[in-house]
Amino acid sequence: IITEIEMQEHRSKKRKASTASKMPTTQPNLKSDDYYAILGVPRNADDSALKKAYRKLAVKWHPDKNPDNEEATTNFQKISEAYATLSDSKKRQLYDQYGKEGADAADHMPEGAGAPGPGFAFRPGPSGGGVHHMSPEEAQAFFDNLFGGIDPFGDMGGLGRSGGAPQNIRFSTSTMGGRQGGGMQSSFQTSGHPMMMGSGFPANVQSLFGSARGVPGFSAGGDPFSSTFGSTDHNPFGVQTRQQEYDVIPPGTIVSLKGLVSRPERNGDRGTVEYFDRSKGRYVIRLEDSDETMSVKPSNLLQHVHIHIHDLESKAELNGTVGTIIAWNESKGRYAIYSMLMKKVISLKPEHAILERGTVAQLIGIAARPELNGKFGTIQDWNADTNKYDVQLSEKSIIRVKAEHVRI
């Protein structure tokens with residue numbers, strides 16, 4: 001039965017969607033000098049549209065996501081400068097009337113002063129004047145101030161998933177007697193109180209993981225180590241789950257596009273995995289804030305998954321805390337990780353960035369069994385003592401490899 005209130009809400013959503021569809025849309029033009037064109041928004045864009053455009057572009061061109069890329073640094077500065085101006089009502093008004101010189105002058109006008117009248121012209125000051133442009137440091141400080149309380153790289157406004165346990169939880173695991181022996185014991189610590197987890201789970205632990213719907217490796221309730229993409233067995237609610245494909249990135253995972261030759265303008269754009277077309281060997285990706293999808297090879301994707309920092313001597317206080325992978329630096333052999341504790345990006349080797357169970361990763365550099373290199377599998381376990389993963393390649397094949405030989 002649909003209530004009148006629900007009908008009103010439905011009609012309201014349709015009106016908003018209709019209005020949004022009529023709004024002119026443009027692609028960002030980072031070669032332009034116009035702030036609206038840079039962000040790819042119409043001149044009547046509201047605050048929400050401006051912020052959405054800024055975040056999408058700032059994450060795409062962030063220098064930490066694009067190491068050793070001067071173009072990315074320049075674009076990041078331009079994007080930040082554009083949004084810093086248009087998100088300030090006084091600066092935006094002056095910019096609309098007088099251009100960049102007018103927006104710059106807003107910082108030197110008395111508090112509460114209105115905009116100059118028609119015909120007014122801004123002139124350079126005694127120091128030489130001209131338009132002030134953001135420095136890389138100013139652009140980074142502006143970005144940090146705007147998104148300092150959240151992870152700007154690990155989510156897309158509630159769409160998609162990047163994995164990860166709550167930030168105040170530290171975990172360690174050890175496996176005794178192998179996978180079949182049922183000897184795994186895990187210790188979770190929250191608010192300073194460790195909780196041991198064996199074959200039976202305390203009610204408070206079940207409650208803790210009961211809200212982790214859609215996170216790789218976490219079930220909707222009960223055992224947090226039950227795969228969300230398990231076999232065809234029926235769950236307690238009588239709903240049949242599909243057979244897991246252990247070498248396929250789960251639907252809904254947040255990814256960035258990279259290394260595209262035919263459409264280089266899309267490199268750095270984010271989206272979510274829709275499905276894997278095995279006949280073509282390609283993933284179908286739904287692009288962020290768009291109905292557009294793209295079919296891309298696995299090598300053209302970077303997953304923005306959560307990791308737990310492990311055995312870091314230089315910053316031991318970070319061990320056990322959560323971060324998000326935002327880039328891979330091939331020349332240095334390190335991940336760029338956004339640390340949720342530090343609210344900044346750090347550089348880590350793969351052996352210090354522990355991927356969570358349920359993450360699909362690629363095997364590399366295994367000299368003893370080179371035929372495995374390049375294969376993908378699902379991480380099913382991690383042993384803290386040896387820093388090795390158990391990676392499941394198929395229904396009957398699980399191998400144990402060092403963390404340094406696993407890459408997303």
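The model is predicted, so local features need pLDDT of at least 70 and side-chain atom pairs count only at pLDDT 80 or more, while totals for chains, interfaces and linings use all residues. Residues are numbered from 1 along each chain as its sequence is written, and side-chain values use heavy atoms, with hydrogens and water left out.

**View 1. Helix α4 and its surroundings.** Helices (H or I, at least four residues) and strands (E, at least two) are DSSP runs numbered from the N terminus. Helix α4, residues 70-86, has 17 residues and reaches 25 Å from its first C-alpha to its last, close to the 24 Å expected at 1.5 Å a residue, where the expected span is 1.5 Å times one less than the number of residues. Twelve of the 17 residues of α4 are buried, among them Ala72, Phe76, Ile79, Tyr83 and Leu86. The buried residues of α4 pack against α2 (35-39), α3 (47-61), α5 (89-98), α6 (100-105) and α7 (136-147).

View 2. Asn66 is found in the loop between α3 and α4, and is buried, with a relative accessible area of 18%. Leaving aside neighbours within four places in sequence, Asn66 is in contact (heavy atoms within 4.5 Å) with Lys60, Trp61 and Ala72. The side chain of Asn66 reaches the backbone oxygen of His62 at 3.0 Å. The C-alpha atoms of Asn66 and Ile326 are separated by 9.3 Å, although these residues are 260 apart along the chain. Asn69 caps the N-terminal end of α4, with a side-chain oxygen 3.1 Å from the backbone nitrogen of Glu71.

**View 3. The five-stranded open sheet.** The strands of this open sheet have the order β17-β16-β15-β14-β18, with antiparallel pairing; two strands pair if DSSP finds at least two bridges between them. The edge strands, β17 (397-402) and β18 (406-407), each pair on one side only. Strand β16, residues 388-394, pairs with β17 in the antiparallel sense over six bridges, and the bridge partner of Gln392 in β17 is Ile398.

Note on methods. Buried < 20%, exposed > 50% of the residue type's maximum accessible area, 1.4 Å probe, protein only. Polar contact = N/O pair within 3.5 Å; in protein donor to acceptor, adjacent residues only side chain to side chain.
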